[in-house]
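Here is a friendly walk through one model, with an eye on its loops, its helix packing and its pockets. Have the viewer open as you read.

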Amino acid sequence: MDTETLARIMSDHEIRHRDLALIAGRTERAVSMWVNGVRPIPRALAFVLMALDQDKISPEWLAYHLREMKANA
């Protein structure tokens, strides 16, 4: 996934850096590096974002499972 696609998906789905950091289990600094093209976007994260963008998973499904993962961490 390139930085333009990442930026578009984040904008289309109103995903903030903080949200993406939570989804990926990384820091906001790491997200900034992906957005700015300094580091590659992790493949697993790209798959999740593509699935979200293509309506394969819903924002509600993602939010629910993120809350569950955070509660059980």
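Glu-14 has its place in the loop between H1 and H2, where helices (H or I, at least four residues) are DSSP runs numbered from the N terminus. This is a predicted model, in which local features need pLDDT of at least 70, side-chain atom pairs count only at pLDDT 80 or more, and totals for chains, interfaces and linings use all residues. Residues are numbered from 1 along each chain as its sequence is written, and side-chain values use heavy atoms, with hydrogens and water left out.

Most residues other than glycine have a negative phi. Glu-14 is not a glycine, yet its phi is positive, at about 50 degrees. With a relative accessible area of 70%, Glu-14 is exposed; the classes are buried under 20%, exposed over 50% and partly exposed in between, with a 1.4 Å probe and protein chains only. Asp-55, in the loop between H4 and H5, also has a positive phi, near 60 degrees. Asp-55 counts as exposed too, at 66% relative accessibility.

Leaving aside residues up to four places away in sequence, Ile-15 touches Ile-9, Met-10, Leu-20, Leu-49 and Leu-52, where contact means heavy atoms within 4.5 Å.

**How H2 meets H3**

Two packed helices are described by the angle between their axes and the distance between the axes. The axes of H2 (residues 17–24) and H3 (residues 28–35) come within 8 Å and cross at roughly 105 degrees. Axes here are lines fitted to C-alpha atoms, for helices over the stretch in contact, and angles run from 0 to 180 degrees between N-to-C directions. H2 and H3 are therefore roughly perpendicular to each other, the class for 65 to 115 degrees; under 35 is roughly parallel, over 145 roughly antiparallel and the rest oblique. From H2, His-17, Arg-18, Leu-20, Ala-21 and Ala-24 meet Glu-28, Val-31, Ser-32, Trp-34 and Val-35 of H3. The contact residues divide into six nonpolar, two polar and two charged, with Ala, Val, Leu, Ile, Met, Phe, Trp, Tyr, Cys and Pro counted as nonpolar, Asp, Glu, Lys and Arg as charged, and the others, Gly among them, as polar.

**Two pockets**

A pocket is an open set of points on a 1 Å grid over the protein atoms alone, where a 1.4 Å probe fits, with protein on both sides within 12 Å along at least five of seven lines; lining residues have an atom within 4 Å of a point.

| Pocket | Volume | Lining by class |
|---|---|---|
| Largest pocket | About 190 Å³ | Eight nonpolar, one polar, two charged residues |
| Second largest pocket | About 160 Å³ | 10 nonpolar, one polar, no charged residues |

Volume is the space filled by probe spheres set on the points, which are joined across faces, edges and corners. H5 (59–71) gives the most to the lining of the largest pocket, with four residues. That lining includes Glu-14, Ile-15 and Leu-52. For the second largest pocket, H5 supplies the largest share, five residues, while H2, H4 (43–53) and H5 each supply at least two.
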